[in-house]
Amino acid sequence: MSLYATSIKRPVLTMVYSIIIVLFGFVGFSYLGVREYPSIDPPVVTVSTSYTGANADVIEAQITEPLEASINGIQGIKSLTSSSSDGRSRITVEFELGKDMESATNDVRDRVSQAIRLLPKDVDPPVVSKADADSDPVLAFSIQSSKRDLLYISDMANNVVKERLQTINGVSQVAIWGEKKYAMKIDLDPIKMAAYKITPSDIRTALSRENVELPAGRVEGYNVELSIRTLGRLSTVDEFNNLNIKDVGGTIIKLKDVGTASLKPENERSINRGKGLIPQVAIALIPQPGSNQVQIADDAYKRIEQLKKELPKDIMINTVWDVTQNIRKAITEVQETILLAFILVVIVIFFFLRSWRTTLIPIIAIPISLIGSFFVMYLAGFSINVLTMLGIVLTTGLVVDDAIVVLENIFKKIEHGENPYKASVEGTKEIFFAVISTTITLIAVFFPIIFLEGATGRLFREFGIVVAAAILISTFVSLTLTPMMCARLLKADKKESRFYTISENFFNWLSDGYHRQLTKFIKYRWISIAIMLFSLIIIFLIGKNLPSELAPLEDKSRLSVMATAPEGTGFEKMDSYILNIAKTVDTIPEVESVIALTSFGGGGGGINNGFVRVSLSPKTERNRSQQEIADQLSAITKKNNFAKAFVTQEQTINIGRGGGMPVSFVIQAPSFEKLKEILPKFLEKAQASPIFQVVDVDLKFNKPELQIKIDRDKARSLGVTVSDISEALQLYFSGQRYGYFIMNGKQYQVIGQATRSLRDDPNDIRSIYIRSSNNELIQLGELVSTVEESTPPQRFRYNRYISATVSANPVPGKTMGQGIEEMRKIAKETLDDSFSTTLSGISKQFEESSNSLYFAFMLAIVLIYLILAAQFESFRDPLIIMLTVPLALAGAMLSLWIFGQTMNIFSQIGIIVLVGIVTKNGILIVEFANQKKQAGLNIKTAVIEAASARLRPILMTSLATIFGTLPIALALGAASTSRIPLGIAIIGGLIFALILTLFVIPALYTFLTRKSANIKHSIDID
């Protein structure tokens, strides 16, 4: 006995099927995490190494190069990039997809361990860390006080707030932005030190000698045992200032005689300000992959409220960053969107069926399918996010299709006088093959999406599986619950309502009119070939000229101003510039919170940069868009041309982190000299291009540097080595760590250097003294000469090549794809064959996604054709069905062009989904025409009768899908601005294909089908 016959015969069993699906759906839903986009965990490992005081050349030659050479031999590396800046080396290793993250990290760690012996002895040990897509914070709080300094606030943030938030379930890390960590700063006076014949190495030696605590053992008595502790650590400012440095002729020289010890921030070359320009510290919560971000935020808010009760009243804790606001809004609105789509679909179905009892039958499939898909999401380890919710909204109109087709066929038999039970069995049997065909076809569309590689594949895998799961469940419901309900609820009404009579006359008129028009069209069937050719021309012309990008820019109520001053700019000057921008931002009424950070390069250099990160009030609460506010800020920053500043808006899909400008073009050179020669020419052409609004490059050549040349012969004659000179300079000018001290049970650094007033002039270098091997002090000016040169502040490598990355922001109206094409055009004109180019960041993801999605589209077409060929046992009939695809594509392209949309990930996914939807209409016509042909009708009569008979279910399913997708196209709920192209592509393609399919496919059927019925195709379902 067949599935549908069993379901009709055993109604309780059939209802149990559906109840179990719903029950498991609710269980799965309760375990799902909530986030903005699917969790992406790219196999990326970073190696960071600090070497305080060293410039970019030294970092590259002595740290980056040995580490890169060792790491490069690891199997499975996709790309190897590095940056060497003052005091810091950073190597990023990206592995091929499929590489186990733990294995990749261990491989890198092993290679780094092997290379440590090649690094300078006083370098900090390299730190190997996993990078993942969740290293961007989900939530950030600012901590400010009108009475307390940042040292106190930072200490409280680190020891109180951080410890309280670290234990939240799902939190991976709690980062502190703008932290002013305690340090004992020793400001040395080279003049006094020379007078006392003391060098900085004497200070360091004294600290090593006097600031020490070693395990001292225990006193073992017969009755009592005592542990021994030697209190040798220095812990207060007075203890450091009274440190004994040297005994000179019976006089003890203390630290306070040659310098000053004081508690200061470890990093004084960075400052973070908030709204009202008050200095602040920010606490950022970074989630674990796949965690429930909304739950993290809820727990964090509860703990912050408790902390506010415990902390001093002058401590203000405010939210400055909360990505869950968008998530909450999307999840809340998606419920309204699903409800709206549901109501629209119900209205469409009721309009065609004109009976609430009849309408109820297919409508039941919607909640069962949507709720059941949550269990599939749980099994697959997915989360509730924008893309899975987008899939839910889209399937609201799709899942009802099969139930409509089954119901309509059964209802027609009942209207002709058949018993409801028999009509349900025969009607389902008749349509069974078409339902299975359409379902397999639609699901086949998503197989290429599911198996897409790269970040794009990971992003849309969840979307594809959710839609496929809902459709599969709806098919099961349509072949079990729908026939059972039809057998028990449907009956031929003898008394029709007035509305039914009027509408029935309308449908009969529509059906008769279509029958007449189709009969006429078949007489001039060659027009169908012209329409197909016209559709192909539309696809080619519009598709070629449609602008492309990764995703349309979304108004996320967040933007940033990034600023870079000329190389060599002092911290105070840079801070003054960032402060002016922050003042301007603070006056904008739409601004809710501000993070203004001067010098985010940290203590290792890069003080000529900064950013102002802005959170705006929600989109619904302001009169201006995010773009308008960004334009205002751009105009303001252009007026002050001291620094190069540009406004960036957070990308809709921010893959790879780092933000910045959308176009990232990497130039790889055979040598640094060739790159230095060609880069200015390339930049000049890029800046002159009308495509770009802002152009910048990471590699600069203009950082002022003071080079010290040593007279080796004279130094040797005076008993001074190069090591003595280098050590003295390092201890006076680099901010070197001299040791550690303990305060309140925590360990902090002791940092020494010459006092600021004696290291603010190049001539100060010549006035310091060095002890010779004869124990005499020699002034450094006698042994060295200084020369001012310009040098790159940072050096970059990409896959072991010397490289530079040119970043650009396209002008309004131009897209990322056009920007990349322009960069390639400039490269062709400027670079010779010894150079190579590639893309990075979001540009790389855009190109990879475009290529993989086009491949997915072609694979979907081939899969659908082969599946239909297997089902129809024919290679001709599927070809007729597949001719609906060019019609739909032409409609989608035309719609995108008319509404000014771009070709992006969302529109491409919409087109792929569209392919599966439109082929359903072709299947209904061709399958029914084959049945008529087997019944003995000639080809033309068979296809006209089939198309006329299938008109109502085709209209009903198409309009249900169109109205179900309408909230996406109208940017309602989760289907907000960036998802508009998906809705437009589906609706435009469906409307265009619906009108033409009803005429073109029957006409083409008469050209391409077999002249006689395919007997092999007849299958006994029972």
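A: S958 has a relative accessible area of 3%, so S958 counts as buried (buried means under 20% relative accessible area, exposed over 50%, partly exposed in between, with a 1.4 Å probe and protein chains only). This is a predicted model: local features need pLDDT of at least 70 and side-chain atom pairs pLDDT 80 or more, while totals for chains, interfaces and linings use all residues. Residues are numbered from 1 along each chain as its sequence is written, and side-chain values use heavy atoms, leaving out hydrogens and water.

So where does S958 sit? It's in helix α31, which covers residues 951-969 (helices, H or I with at least four residues, and strands, E with at least two, are DSSP runs numbered from the N terminus). If you skip the neighbours within four places in sequence, S958 touches N921, L990 and L994 (contact means heavy atoms within 4.5 Å). Across the protein chain, buried residues make up 55% of the 1022 residues. As for contacts between residues at least 6 apart in sequence, 80% of them join residues at least 24 apart.

Now hop over to strand β18, residues 558-564, where 5 of the 7 residues are buried. β18 pairs with β20 (residues 609-616) in the antiparallel sense, over 7 bridges (two strands pair if DSSP finds at least two bridges between them). In that pairing, M562 stands opposite F611. β18 also pairs with β21 (residues 644-649), again antiparallel, over 6 bridges; there, A563 has A645 as its bridge partner.

Let's look at one more sheet. Four strands make an open, antiparallel sheet in the order β7-β15-β6-β16. β7 (171-177) and β16 (315-322) are the edge strands: each has a single partner strand, so one side of each has no neighbour in the sheet. On average, neighbouring strands here are turned by 20° against each other, direction ignored (axes are lines fitted to C-alpha atoms, for helices over the stretch in contact, and angles run from 0 to 180 degrees between N-to-C directions). Helix α10 (residues 293-310) lies across β6, β7, β15 and β16, running at about 15° to β6.
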